[in-house]
Amino acid sequence: MPIHGLSLSQYPSKPDHFDIEQVIRPNILALHPYRCARDDYKEGILLDANENALGHSISAQSPPDNASSFDPMLDMDLHRYPDPSHDPIKQRITTLRSVPGIDHIFLGVGSDEVIDLLMRVCVTPGKEKILITPPTYGMYSVCAQVNDIGVVKCPLEVSGQSGEGGTKGRFSLRVEEIKKAIDADASIKLVFLCSPGNPTGTKIPLQSIKAILDYDSFKGIVVVDEAYIDFASAGSSAVTLVKDYANICILQTLSKSFGLAAIRLGIAIAQPPLIQVLTNTKAPYNISTPTAHLALSALSPSSLATMQSKIETLIASRAALLKSLSDIAQLGLGPSIGSNDSNFVMIPVLSKDGVRPDNVRAQKVYKALAEENGVVVRFRGNEPGCEGCLRITVGSEEENATVIRKLELVLNQF
């Protein structure tokens with residue numbers, strides 16, 4: 001049963017053991033997607049979608065809260081439904097990420113929508129499963145529970161030296177264990193890999209990802225979540241694998257390096273058959289016109305130059321923050337764990353004698369920072385391999401200085 005609207009024969013690719021029609025649920029393959037009005041016609045006197053032809057009602061005298069600079073006269077045709085495809089945005093993404101074409105790109109309401117869609121179209125509720133590698137992003141498990149699908153956990157390597165690269169360092173992918181899990185459970189349809197990891201900050205080498213893609217016992221899809229990829233070294237992204245592998249899907253976002261968390265724009269990059277399935281399944285007009293307007297601006301050459309400059313500043317600030325943390329290590333902080341490939345660092349709070357990571361002390365420090373000192377970090381001590389850990393996002397120079405000053409104060413209290 002072919003995917004609606006797409007001929008699969010024009011997309012030959014490896015691995016030979018993968019057949020996307022065997023991964024997608026039969027009812028999804030048979031789906032005739034909802035057609036919005038703008039799928040057919042985009043110009044003329046548009047009287048076909050029950051829109052308000054008189055335009056939006058935002059008053060110049062009554063701007064939204066906290067939006068005194070909002071221009072209600074900005075011409076975005078807010079009385080019309082959005083473009084359902086947003087090809088100009090996709091075109092700019094293809095240039096930025098060296099993707100073959102816009103048919104390799106899907107846009108979602110944040111990466112979370114894509115995560116949920118992948119589970120809904122690939123994994124049969126009550127029967128099939130996903131595989132995750134804790135410690136990792138919590139929404140994989142949440143979406144799985146919402147969709148009534150099972151979760152197989154194959155933890156990352158929690159031994160080894162922090163910051164060690166390659167395939168055997170702390171928080172590296174245990175490829176052979178994942179293969180064993182796949183062999184033991186044929187119902188696993190999706191493998192979720194976070195690179196760089198959250199909360200680990202550690203990227204996954206491409207050779208480890210390829211080892212799973214090429215494993216002929218796995219008939220499903222490898223989903224590589226690259227929310228923080230722009231903070232890692234050049235050549236870290238698995239997007240380069242998309243042209244060769246039909247069983248990979250890359251997730252990216254404008255929330256992190258682009259600094260646009262509020263507009264909720266996520267990106268999936270994969271071969272056209274999977275992109276077409278996601279497109280067939282999504283809600284109509286899922287990306288709003290204001291979001292699209294801001295995203296297109298953020299992907300302009302001048303904005304990309306600004307983004308890159310800010311990334312360089314954050315990376316330099318990350319190094320400075322780590323140095324400042326090491327300067328107060330005698331108060332009971334361990335060295336950072338993970339490889340620091342993201343816009344955050346993860347630091348273990350040690351027991352008062354400095355012998356071991358201490359969850360109780362870490363929670364006290366975390367609460368005191370937030371409730372008494374106005375500094376909010378994230379406690380991650382309950383994650384595998386993260387005992388006693390606080391995750392600290394790299395802030396501005398002033399914010400980083402405040403974190404160190406307040407952390408020093410609180411560590412002296414407990």
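**Reading backbone and packing**

A: Proline 196 is found in the loop between β4 (188–194) and α7 (206–213), and since this is a predicted model, what follows describes computed geometry.

Q: What kind of peptide bond joins serine 195 and proline 196?

A: As a general idea, most residues other than glycine have a negative phi, and most peptide bonds are trans. Here the bond that joins serine 195 and proline 196 is cis, with omega about -10 degrees. The peptide bond from asparagine 198 to proline 199 is also cis, with omega near 20 degrees, and proline 199 is likewise found in the loop between β4 and α7.

Q: Which value does phi take in arginine 264, and is tyrosine 285 buried or exposed?

A: Phi of arginine 264 is near 55 degrees, which is positive in a residue other than glycine; this arginine 264 is found in the loop between β6 (248–253) and β7 (266–270), and at 31% relative accessibility it counts as partly exposed. Tyrosine 285, in the loop between α8 (272–281) and α9 (289–298), has a positive phi near 55 degrees as well, but tyrosine 285 is buried, because its relative accessible area is 14% and the cut-off for buried is under 20%.

Q: What is found at the start of α11, and what follows α11?

A: At the start, a side-chain oxygen of aspartate 358 reaches to within 3.0 Å of the backbone nitrogen of valine 360, while glycine 374, which follows α11, has a positive phi near 70 degrees.

Q: Which residues have the most contacts inside the largest nonpolar core?

A: That core has 56 residues, and Ile209 and Ile248 have the most contacts inside it. Helix α6 (residues 175–184) gives the most to this core, with 4 residues. Leaving aside residues up to four places away in sequence, isoleucine 248 touches several residues, among them Ile209, Leu213, Val242 and Ile269.

Definitions and conventions: Residues numbered from 1 in each chain as written. Predicted model: local features only at pLDDT ≥ 70, side-chain atom pairs only at ≥ 80, totals over all residues. Heavy atoms only, no water. Polar contact = N/O pair within 3.5 Å; in protein donor to acceptor, adjacent residues only side chain to side chain. Helix = DSSP H or I, 4+ residues; strand = E, 2+ residues; numbered from the N terminus. Core = buried A, V, L, I, M, F, W, Y, C linked by side-chain atoms within 4.5 Å. Buried < 20%, exposed > 50% of the residue type's maximum accessible area, 1.4 Å probe, protein only. Contact = heavy atoms within 4.5 Å.
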